Amino acid sequence: MADLATSTVAITVDGKQVVAYPGEMVIAAAERAGVYIPRFCYHPRMRPVGMCRMCLVDIKGPRGFSLQPACFIPVAEGQEVCTTSAAVRKAQDGVLELLLVNHPLDCPVCDKGGECPLQDQTLTYGPGESRFVEEKRHWEKPIALSSLVYLDRERCIQCDRCTRFADEVAGDPLIDFVGRGDHIEVNTFPDLPFSSYFSGNTVQICPVGALTATPYRFRARPWDLEQVESTCTTCAVGCRMAVQSSTNQLTRYLGIDSDPVNHGWLCDKGRFAFEAVNGVERLSRPLVRRDGELVPASWGQALDAAAKGLRDVRALHGPDGIAVLGGARLANEDAYAWAKLAKSVLGTDSVDAQLGDGLPAEAVLGLPRATIDQACSAGAVLLMGPDLKEELPVLYLRLRAAVVDSGIPLVELVPASGGLSGYAAASLNYRPGEAAAVARALVGAGDPADEVAGVGAQALRQARRVLADAAGDVVVILGRPSVADSGESVAEAAAVLAEGVPGVRFLAALRRGNVHGALDMGLAPGVLPGRVGLDEGREWWSQAWGVIPEERGLDAAGVLTAAAEGRLHALVLLGADPASDFPDAELARHGLAGAGFVVAVDTYLNESSRQADVVLPAAGYAERPGTTTNLEGRVTRMGQKVVPPGVAWPDWMIASELALRVGGDLGFEGIEAIWDEIERYAPSHAGITRRLLTSPLARDGVVAPLSEETATHTVPGTGRPGGGPELLELAPDTGGATQPVPAPIDPMSDPGIDAAESQGISATEVVPEVTSGVAPEQEEGEQEPGPSGAERPPPLRFQGAGSPRGLPKLDGYALRLVSGHTLYDQGVGVQRSPSLAGLPPAPRLRANPYDLDRLGLTTGDSVRVRSGHASFVIEVVAHSGVPRGSAALPFNLEGQSAGELIDASGPVTDVRLETV
Amino acid sequence: MTTEVAPIVTRRLAAQEPWTLQSYLSDGGYGALRKALTMPRQEVMAEVDRANLLGRGGAGFPAGRKWSMLRKAEPVYLVVNGDESEPATFKDHLLIERDPHQIVEGTLITAYAIGAAQAFIYVRGEFALGLERMIQAVEDAYGHGVIGANIFGSGFSVDLVVHPGAGAYICGDETALLESLEGKRGFPRIKPPYYPAAIGLYGAPTVVNNVETMSNIPWIVLNGGDAFAALGTETATGTRMFAVAGRVNRPGAYEVELGKNTFRDLVYDPKLGGGVRDGRELKAFVPGGASSFWFGPERLDFSLDESKVKGEGGSMMGSGSVIVLDDTTCAVRAAWRLVRFFHKESCGQCTPCREGSGWLEKIMRRIESGHGRPQDLELLMDVCDNISPGVSWPSRWPPNMTTICPLGPSIPPPVVSSLGMFRDEYLVHVKEGGCPFG
Amino acid sequence: MARLTPENVQRARDTISLYPVARSALIPLLHMAQEQDGWLSEEAMVHVAELLELTPAEVYGTASFYDMLFTEPVGRYLVSICTNIACLLEGAYELLEHAGSTLGVRPGSTTPDELFTLEEVECIADCGRAPCLAVNWRFFGDVTPDGFDRLVARLRAGELSDEVPPHGTLSRVRRTVGLPARAEGGRERR
Ligand SMILES: Cc1cc2nc3c(=O)[nH]c(=O)nc-3n(C[C@H](O)[C@H](O)[C@H](O)COP(=O)(O)O)c2cc1C
Ligand code: SF4
Ligand code: FES
């Protein structure tokens, strides 16, 4: 994208004066000026190749006008472009006729029919009939490039979009042109499928029906589709997308080009997991346990049963006898309602949206923040988090592009290599549990020691150099590099970096869909909505909510331990399945069994909810409106497209009804009211009004908190900070999340690019111009923003975790366990989507060749891996990306999951390999 | 009558085993390199500039000017184009097989002049013997100390790699050649950037020159640019190799002085083409490789001057190949065969070239085999126009180019020329349902 | 049909070391693999991909662009008859037809004894001796039908084995100079 800050170039297009940006291509400048130049191969997010020749326009040069491809002729001062001359018409006509020469014209049975750029452009620009009477080129009809993507080579027009995408954007050149001339076909290497996590994008950007995706093939005709703009919540990147449905079934998701977030891309898991929403086994009615069995019940019966159980526990054991786990699947409004129910009505602070695989909320919320764009343009990026390719795939794409295209240096501080390792300028592979030691060495002075926690001096020196060169512009991607150690050391390392790296900012990288929103809304122990600490926010929130917990509660590990030990008696699971998700399966199972009373709110029955006493069916994705917050703190709106199955309810409604039955009133009639309350009370969200969120300029969402500048302007008539008047004028108050459906999205015009290019709202540039308004503090006579008399609490500041526990000595025969998630796993989204269910890889244990050698093992051998908790037999792989002394095992695959081995009570988990 | 001048690049071709280092040295080989290394680089460049040596690869761009256009950046690469695959062009083939050291020496001098520390000679893959001779020459030249570090103690060092092609005409295009040399499919690069001199191999400034161009360099260094420019005419300096092929008595590659000789000399001189075979009439000739517009007998007296052939003739001397068609030749068949070549060799990037070449080929094959329709003639012209807008007969040079590389606009010339000159022949094919030539 | 032999792996490494960027060695390496097996097997392409840190799809995609690289087996002798303009004018199609009947195969196919593969090719730049052909890229000019039959007989009898090595061997001269000093430099990917 052109750098909008630099000077401009004046050109004329069809006689119209157009302001263009240096380096911009004619096709893009013309499009912004409203002149659409037809094209097939051009894609604004990829290198131009100029292959299709559809974009030929007349450009005036020293020798008069000549036909030139608008997609790779850069604009130049004074350039004259004509897109309507007879020569241009003839060229467009000719190219289309030539494209159809070998095209099968099987439009009636083509998925693309009705939304096909080739079809459309033939209608608009093409000849009436073909003069081609010869035999066409023939290929075997669709072949599978992978289990997700099919290719009909007869329809292919050789635009290079899919192959370019695979190579340039995804970094997975697993498909390529094969052959030459008009025998070019796109194909894989024989028997090596196109198994890229991003393969679905090729289907979306294919300008004809050559590439089709299994989950959509023959499901619907484009003219039967309805759509709504939304945000993917499969992971925390929050890609913008269009959700499409036909007859109340989700049929397809398409990526929308959000400039600050996903650039139009989606990962395949996010793109195809809609199948799980459609699943026939969805929970559609409440269930209650009778005589040991879960049986259907009415909402009244089920809510009564849930309320009674919770009231009884509270009466007997006090509010601390209750805990709420989960909530990262919820919309912000739902999360807020549940936080209010838990912390105010039920009175417990033992609430945790993370299931022990994240970081303390203070570390996530309380460090200086960076956006994805800021990370991708930083002087250096330091990754101390999970394998982004597996857990936050589109963030991986963004960072990969930053390294490859913009040369941003990347340093990894991770225990084992991952998807980005090949792009890293320095990799610091630390021994599990010892991240902080390496961080200290990294920011320290003097020559580094020969070896720090497994990291050599050479790598450290290299990493230091990179950070030093970044001159105060370093972004740390902060997440949980491994769930097999406690993460204490990572939190401590974050504190060390915050202290020791000048100007450092952090981009949180927790993986669950709306975990960041859930934390913002207070679904974590020790915090209250709006990124404030329990103590600092006490006065403010007591006034807002009436009561709040006295003491900091327990996190997930604490909750499960207490339940297992009989100290905690009621568990509410909000779309959470600790039995398979908590990184210590044994503890999770004991905890679930130990809690006397379990309520589960979910969309599917899972290992944990099967043991619940009451199961409440929740509305799923695209079945309710609301907002969600991505890892940048960017608030965007999710649209509702279909109705929930059976009598399933949105989560906030469940919370409200349950509150009434346990003797409280959340006071919400709808999500609009909830958002208004969030905006009014949650300090981090002040000013992010519904009107702001529904403004077209906020199509990319709004990053919370609003920038200083914006926040000092008040919303007229309220005295509260917020967007300026011009911004508000732009959009009618449509009231929260039900919004007008955007214009149909044409895959050629790249959904959302317009909005993106008109400079969507970002954290720092919300308001175009502000003509009036004063800071709320100075405002007198106006209505006070918060509860009367209370001081707005200060934002959370991460002070560093308490001093971590000492590590046990690693005995010479053991390996220290490293574990993370794979994209395709045993989770509901994958397993309930038939197209994805078969994709999780077979679990294999990776270890350094040296360690395997020592044990007389090589790749492919089976071995028994044993920890204090469990043992099982698994195949090993020699992998030099796993440092000596460590063993890496995916967390969440069927059968041999690391979750069975991990002992959450200790700082690290050591395993032994026994030959079988 | 043909002017008699001492040959330059073919001077040694008839010698005994002229490809050996020994033979080359005994003819004073590498003396030019030794001399060049005592000159400042700019002076070598100036000498070549004065010679006004036009590139012999087809585009006819002055070599000296090309060198001086190099973007100032490190490193600089030199790539020598020995991919010769244009139909009926077979002069570089000879030079590679019979005088590889001359090419090596020219390459080394050029590398010195432009400041390249790494040079490549890209040899058409099919030239197995040529590759063996070229690799042997490079081996021997390293051994003799003329390639490598600190040549002749001058402080100049250069490495030279002989790189084989693998069968793709399009790799003769300089940007496709660079892609191929980078280990990729030979897709010509989009322009801008227009010249490899700005962005070439691995993105670095690069000079690409033809094998025959390189073969002239040692002579120019030894004898001076002015001596070279004294040959030929002002616009067409020096000598040039022409491959004379087709229906002549003595098909072969001949070096002649430019400007002062004519196509008639090439075809009829007894020491050159030796006249049309079997005493037949010359029907037409292709003056500059398959991509050029055809000439009729009335153009035989055009002098061998690229600027004239282009400006007055509306065609080009291009690759230096002259193909003679006699009155027994079916023009449709000859044109069809050339179109078929372009169809097979189109890289496949640009829609008009990829699809248009195939379409033209199919129509022409249909006509030639007697299944043509009257409307096919207009259709042929219109498809040609969709490949190279404005293409016409009589032809103009250069044809309009709306494709990535000039292969696209190379397809229409045989079609348009044959249609323009021998429309009747087409009509006979259509009417009689077959080829009148049997 | 297999991966590269250890000797060829060494040759491959040497070749890679000649280039500033490793991928440049792709075509030379593919020729080398073809020399080893007579054609490019999947195993060989995978091996080449490993040596150059490319995906097999990239290697295959590139190889498939070039006419001389065969991803299907071919005979020991690849007989390539030029039918382009100069040869056409001198009876190349007649020669091609004759060759087909002598060998008993159509252009593009291989004799059952796997000795000969016949193909029609574009101009091989030997037009001075039209009609001409190449056997494993060793050129023969002014070929008459009788001459063709004699050539085939001599090939069958092994009389030309000095002149015509088995298919895949391009150059029997190998680069030996300038290798060791430059090996193992840090090479960029692609
Ligand atoms: C399709 C096509 C094929 C070409 N083939 C050759 C070739 O085989 N040999 C060659 O030297 N130049 C060839 N050229 C021209 C080159 O692009 C380039 O102009 C030339 O190598 C430059 O060398 P020169 O300036 O010394 O002539 C070809 C150009 C095109 C467009
Ligand atoms: S004109 Fe033809 S050969 Fe040249 S780049 Fe385009 S498709 Fe390839
Ligand atoms: S050539 Fe410009 S869009 Fe395809």
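Which pattern does chain C follow, read along the sequence? The answer is α-α-α-α-β-α-α-β-β-β-α, from seven helices and four strands. Here helices (H or I, at least four residues) and strands (E, at least two) are DSSP runs, numbered from the N terminus.

Before you click further, please note that this is a predicted model, where local features need pLDDT of at least 70, side-chain atom pairs count only at pLDDT 80 or more, and totals for chains, interfaces and linings use all residues. Residues are numbered from 1 along each chain as its sequence is written, chains are lettered from A and ligands numbered from 1 in the order in which they are written, and side-chain values use heavy atoms, leaving out hydrogens and water.

**Stop 1: chain C**

Of the 190 residues in chain C, 62% count as buried, meaning under 20% relative accessible area, with exposed over 50% and partly exposed in between (1.4 Å probe, protein chains only).

**Stop 2: where chain B meets chain C**

Next, show chain B beside chain C. 63 residues of chain B are in contact with 47 residues of chain C, where contact means heavy atoms within 4.5 Å. The two chains bury about 4,500 Å² between them, 57% of it on carbon and sulfur atoms. Buried area is the accessible area (1.4 Å probe) that two parts lose on being put together, summed over both. Select Glu132(B), Ala166(B) and Arg337(B): they supply 14% of the area that chain B buries against chain C, more than any other three residues.

**Stop 3: a covered helix**

Now pick helix H8 of chain B, residues 174–181. Is this helix mostly covered or uncovered? It is mostly covered, with seven of its eight residues buried; among them are Leu177(B), Leu178(B) and Leu181(B). To see what covers the buried residues, display strands S1 (77–82), S2 (118–123), S3 (159–164) and S4 (206–210) of chain B, and also helix H2 (26–37) of chain C. Just after H8(B), look for Gly183(B), which takes a positive phi of about 85 degrees.

**Stop 4: chain A**

Finish with the open sheet of three strands in chain A, ordered S30-S31-S32 with antiparallel pairing. Two strands pair if DSSP finds at least two bridges between them. S30 (626–629) and S32 (702–703) are the edge strands, each pairing on one side only. Zoom in on Val635(A) to find its bridge partner in S32(A), Val702(A). Helix H9 (residues 332–346) of chain A lies across S30 and S31, running at about 90 degrees to S30(A). For that angle, axes are lines fitted to C-alpha atoms, for helices over the stretch in contact, and angles run from 0 to 180 degrees between N-to-C directions.
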